[in-house]
Amino acid sequence: MSIKAAIKRHVRAGRLFPLDMNVESDPWARGIFFTGEVKALLDGPWTAPECGARVLQLQADLESFVRGQSIVMCPEPFEADDAFLGRLHPPAERVWDIRSRNPSPGLRVFGLFAAPDVFIAFDWGPRSRDWNGRQALGNRYGLLWEVAIRNCRGQWAELFPGHEAVEGVEVHEFVTQKAISRRSS
Amino acid sequence: MNLSPKRPFLEEVRSGELIPANKLAYFEQRALNNFYDYVMTRFMAEKERSQLTKAKLAERIGRGPDQVNRWLASPNNWTIATVARLLLGIAGEEPVLSSESLLGKPRSNEYWESILGDDGDLPELKAPPKTGTTRIDSKFERIST
């Protein structure tokens, strides 16, 4: 079975969820699918009313990816800075984070590319402070980042046995259009 | 247990009711992303057409390369002035606004299944979609580089 067929099967079985676009006329130019952990964040309920606004700002950022809008990616771990997508260390694990940085707290959504333009998200975390029941990821060299990466790899192995996530050097190997590298001149 | 159906996202926009703060935040972020996409699309086009670089752009608009690198990486700290400055430096253009209704548009035919293809394979690549509810066009001659 191809990995795309596997994604379809997981969606139909309720193990993966496609991003629900708030404006139904928006097209899907790229794909984001996620597990129940990320769905629970997007759907709520949240621990405080103000979390709802922050989550909808994250939703707008995820939709921007799906709508095929311009993004900056950083394949070099630890150097993502303002980039929308950053590859995490070690690159061999093939885990990336989608980075919704503003407003505080920044939120990170962790996952892997199942195919070019198709991102599977398994976990999320607030970057700088405890938020909505989750502990802050904190320093990029901290333990919670490692836990998130392991969690992604573990869930990937369960959902896609025999399939490897996309690996590559150039950003266009992951996102085919309207993506530029943070390091590009 | 609340068994009421989920309220359509655009319901308050449609009905004229108070739009909740959550949704206002969503549409503010969406607009920011639309502006960013427009400017970045112009940057990538000029990069291709006239070999514009971030360094040249920084020089042209009198900002440091680090600042321009940050602006082009994300719209997080953008203001209207940032959009004006970037478009002027990238292509000698100014933003000209237009907007369109969120209501009454048909549901997109390109849904998640289309990304995966009929038998699970990706369909042929399509041109990136035109974005969002607010579109910026720009005019005036481009600066030759």
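## The interface between chains A and B

A salt bridge joins the side chains of A:Glu63 and B:Arg30, with 3.7 Å from N to O. The structure is a predicted model, and in it the count of salt bridges between chain A and chain B is four, while the count of residue pairs in polar contact, both at pLDDT 80 or more, is 17. On the side of chain A that touches chain B, the elements giving two or more residues are α1 (3–12), β2 (31–34), α3 (49–66) and β8 of chain A. Of these, α3(A) supplies the largest share, 10 residues. By residue class, this side of chain A divides into 19 nonpolar, 17 polar and 16 charged residues.

The size of an interface is often expressed as the accessible area that is lost when the parts come together. Here chain A and chain B bury about 4400 Å² between them, and 56% of that area is on carbon and sulfur atoms. Within chain A, the residues that lose the most area to chain B are A:Lys8, A:Trp28 and A:Asp82, which together make up 13% of what that side buries. In terms of contacts, 52 residues of chain A meet 51 residues of chain B.

## Helix α3 of chain B

In chain B, helix α3 (residues 54–61) has B:Lys54, B:Leu57, B:Ala58 and B:Ile61 as buried residues. These residues lie on the same side of α3(B), because they cover an arc of only 100° around the axis. An α-helix has 3.6 residues a turn, so residues three or four places apart point the same way.

The buried residues of α3(B) pack against elements of both chains, namely β8 (179–181) of chain A and, in chain B, α2 (21–50), α4 (65–73) and α5 (80–91). Just after α3(B), B:Gly62 takes a positive phi of about 70°.

## Backbone features in the loops of chain A

Most peptide bonds are trans, and most residues other than glycine have a negative phi. A:Pro90 lies in the loop between β4 (85–87) and β5 (96–100), whereas A:Pro105 is in the loop between β5 and β6 (107–115).

The loop between β4 and β5 also holds A:Arg94, which has a positive phi of about 65° although it is not a glycine; A:Arg94 is buried, with a relative accessible area of 15%. A:Asn132, likewise not a glycine, has a positive phi of about 50° and lies in the loop between β7 (118–126) and α4 (143–159) of chain A. At 14% relative accessibility, A:Asn132 counts as buried.

Key
Residues numbered from 1 in each chain as written. Chains lettered and ligands numbered in written order. Heavy atoms only, no water. Helix = DSSP H or I, 4+ residues; strand = E, 2+ residues; numbered from the N terminus. Buried < 20%, exposed > 50% of the residue type's maximum accessible area, 1.4 Å probe, protein only. Arc of directions from axis to C-beta. Contact = heavy atoms within 4.5 Å. Buried area = accessible area lost by both parts, 1.4 Å probe. Polar contact = N/O pair within 3.5 Å; in protein donor to acceptor, adjacent residues only side chain to side chain. Nonpolar A, V, L, I, M, F, W, Y, C, P; charged D, E, K, R; others polar.
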